[in-house]
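Student: I have a structure open and would like to talk it through with you. Could we start with how some of its parts pack together?

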Amino acid sequence: MVTHMRVLRKLQNLIFNHNIIIPAIVCAIFGIASGFIFNYASVTTNIIAFIFNIFVFSLSIAVSIFFYLNGKLDEKRIIAFLVVCGFSLRLLYIVATSVEQRQHDVHSFGGYDGHAAYIEYLFFNKALPDVDPTLVWQFYHPPLHHIICALWLFVQTKLGIEYQNALEGLQYFTLFYSTVSMIVSVKIFRLLALKGKGLIIATAMVCFAPSFIIMSGSVNNDCLSVMFIILSVYLAMKWYQKPLYRTIIKLALCIGLGMLSKLSAGLVSIGVAIVFLVRFIKAEKKLPIFSQLVVFGIICVPVGLLWSVRNAVLYGTPINYVPMLDNDSFQYIGYHSAMERLIDFRPFQLSSPFMAWGDRYFEYNPTIGLLKTSCFGEYVFEEEIISRVLFWTFLVCVVLAVCQLIKTAINIKDNNCKMNTLLITIVSACYLVSYYVFCIQYPHTCTMNIRYAMIFIILVAYLMGASLNEVPKNNKFSRIKSIAIPAIVAVYSASAVIFYSGIML
């Protein structure tokens, strides 16, 4: 019994203390193994993945029951259970989802544009594209993600995995990015002083967030940039607590590499800059802090702007270049004024939980688009009761989170983690403002997608947890809240698991 407890305790520590190494090893093993299964096994990987996930879920539940019966089902073990289930759900999703299914701007492998062509160009030519990036769709993006994918294709094919099967293996990298994002989010919640029910609630929302599940199988550069954004927020919080060179170097690399994955990752630097400024002002000895900031700039700026400067020098491409769809595109919604798009919340827009693509109208309200894509991406599935439950419970969570944000702002002086709270709020606000500006400047339905503001999910999860993290008051409202919020998040999480398990199986 004692030996088993030690093993399980070590497993817990591995999950949270080695948040990159362990997921990387697991994803690499599954990626290579699935490639060989595709090559040689007569049983489909869907069945194998299904059996594996049933095993993982069953084992997780069995272990949780064991701890509960022994009076040892504490907060840390519940968090570990949620993370394992979140990873298992993501794994099932990528195995059941083709590398060309539910993707964003990937197009077809073997084609001539999109992220797929970008990856294949690097794989076959072993060199960066030598064409004007404005002439080939999606080639304007920085190349880090595509280079990693090309290298992974090279490793797989050298190991004897057939090329088409190796392409499917690319999703194990995005699975890794999504898993690291999930684990680091838990670390952020702890730095925000969430504990007990509040920490469990926030963790559950991230582990079962549909947008992170979908992104785990999306082989464009979104998931890598989101991982670096979340890592940057975490490291900025750590640096503010204890400003060390090794922490700020990691932070500089995360922001720089995030921008080398997708330039918009640089928006996180606005919140980080405020952290730097406050820490510098408060420091008694300012020279050590200033020298660290200089080191940060020397690392971050060249790495982050390398690709953009290269294209500006070689082809005259604007630093912030983003291609625009034609106004004669079927999804053009520029005939709605900006004000109408921002304030029109007529009920017919909520008649379906999925994005509208012209059946009755084209989705045009960025807020409603944000809510719908948070649950289902830009995709349309068969309408069921469970999809409506998922959407409406998430909408309730967002409303409650906004109320909690107002309350937090009013009581910010009493917040023991005010700088960390300010950081996550400012970073989220930057991405939300950028999202709305992007939607108005590029008036097409496809621009309204949570993938441009994924940190919003982390903020909502934190605020839901924070609402339970306050000192309980002996009144009826507090008692109702302590029951209602966990119930809402439980229904949201369960409906996400049921819905996505259903579309996969």
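**Helix packing and core**

Tutor: Helix H11, residues 222-241, packs with helix H18, residues 418-441, at an angle of about 150°, and their axes are 10 Å apart. Please keep in mind throughout that this is a predicted model.

Student: Which way do H11 and H18 run, roughly parallel or antiparallel to each other?

Tutor: The cut-off for roughly antiparallel is an angle over 145 degrees, and H11 and H18 are therefore roughly antiparallel to each other. As for handedness, H11 passes H18 in a right-handed crossing.

Student: And which residues in H11 and H18 meet?

Tutor: From H11 there are Ile-229, Val-233, Ala-236, Met-237, Tyr-240 and Gln-241, and they meet Met-419, Asn-420, Leu-423, Ile-424, Val-427 and Tyr-431 in H18. By class, the residues of this contact of H11 with H18 divide into 10 nonpolar and 2 polar, with no charged residues.

Student: What about the largest nonpolar core, how many residues does it have?

Tutor: The largest nonpolar core has 145 residues, and those with the most contacts inside it are Leu-170, Phe-189, Phe-208, Val-233, Phe-376, Ile-455 and Tyr-500. H11 supplies the largest share of this core, at 15 residues, and Val-233 also belongs to the H11 side of the contact with H18.

Student: Let me pick Phe-376, then. What does Phe-376 touch?

Tutor: Not counting residues up to four places away in sequence, Phe-376 touches Ile-214, Pro-353, Phe-354, Phe-381, Ser-387, Leu-390, Phe-391, Phe-499 and Tyr-500. Tyr-500, in turn, is listed among the residues with the most contacts inside the largest nonpolar core.

Student: Stepping back, how many helices and strands are there in the protein?

Tutor: The protein has 20 helices and 0 strands, and of its 505 residues, 53% count as buried. If you take the contacts with a separation of 6 or more, residues 24 or more positions apart account for 76% of them.

Student: Changing topic, I clicked on Ser-178. Is Ser-178 buried or exposed?

Tutor: Ser-178 has 0% relative accessibility and so counts as buried. Its place is in helix H8, residues 171-191, and, leaving out residues up to four places away in sequence, Ser-178 touches Arg-90, Phe-212, Ser-216 and Cys-223.

Student: Where is Ile-299, and why does Ile-299 count as partly exposed?

Tutor: Ile-299 is placed in helix H14, residues 286-315. Buried means under 20% relative accessible area, and Ile-299 counts as partly exposed because its relative accessibility is 21%.

Student: Which residues is Ile-299 in contact with, leaving aside its neighbours within four places in sequence?

Tutor: With those neighbours left aside, Ile-299 is in contact with Ile-249, Ala-252 and Leu-253. Ile-249 is 50 residues apart from Ile-299 along the chain, and the C-alpha atoms of the two are separated by 7.5 Å.

Student: One last thing, about backbone angles. What is the phi of His-107 and of Ala-193?

Tutor: His-107 has a positive phi of about 60° although it is not a glycine, and Ala-193, also not a glycine, has a positive phi of about 70°.

Student: And where do His-107 and Ala-193 lie?

Tutor: His-107 lies in the loop between helix H4 (75-96) and helix H5 (114-125), whereas Ala-193 is in the loop between H8 and helix H9 (196-207). His-107 counts as partly exposed at 39% relative accessibility, and Ala-193 is partly exposed with a relative accessible area of 33%.

Terms used:
Residues are numbered from 1 along each chain as its sequence is written. This is a predicted model: local features need pLDDT of at least 70, side-chain atom pairs count only at pLDDT 80 or more; totals for chains, interfaces and linings use all residues. Side-chain values use heavy atoms; hydrogens and water are left out. Axes are lines fitted to C-alpha atoms, for helices over the stretch in contact, and angles run from 0 to 180 degrees between N-to-C directions. Helices (H or I, at least four residues) and strands (E, at least two) are DSSP runs, numbered from the N terminus. Angles under 35 degrees count as roughly parallel, over 145 as roughly antiparallel, 65 to 115 as roughly perpendicular and the rest as oblique. A crossing is left-handed if the near helix is turned anticlockwise from the far one by less than a right angle, and right-handed if clockwise. Contact means heavy atoms within 4.5 Å. Ala, Val, Leu, Ile, Met, Phe, Trp, Tyr, Cys and Pro count as nonpolar, Asp, Glu, Lys and Arg as charged, and the others, Gly among them, as polar. A nonpolar core is a set of buried Ala, Val, Leu, Ile, Met, Phe, Trp, Tyr and Cys residues joined through side-chain atoms within 4.5 Å. Buried means under 20% relative accessible area, exposed over 50%, partly exposed in between (1.4 Å probe, protein chains only).
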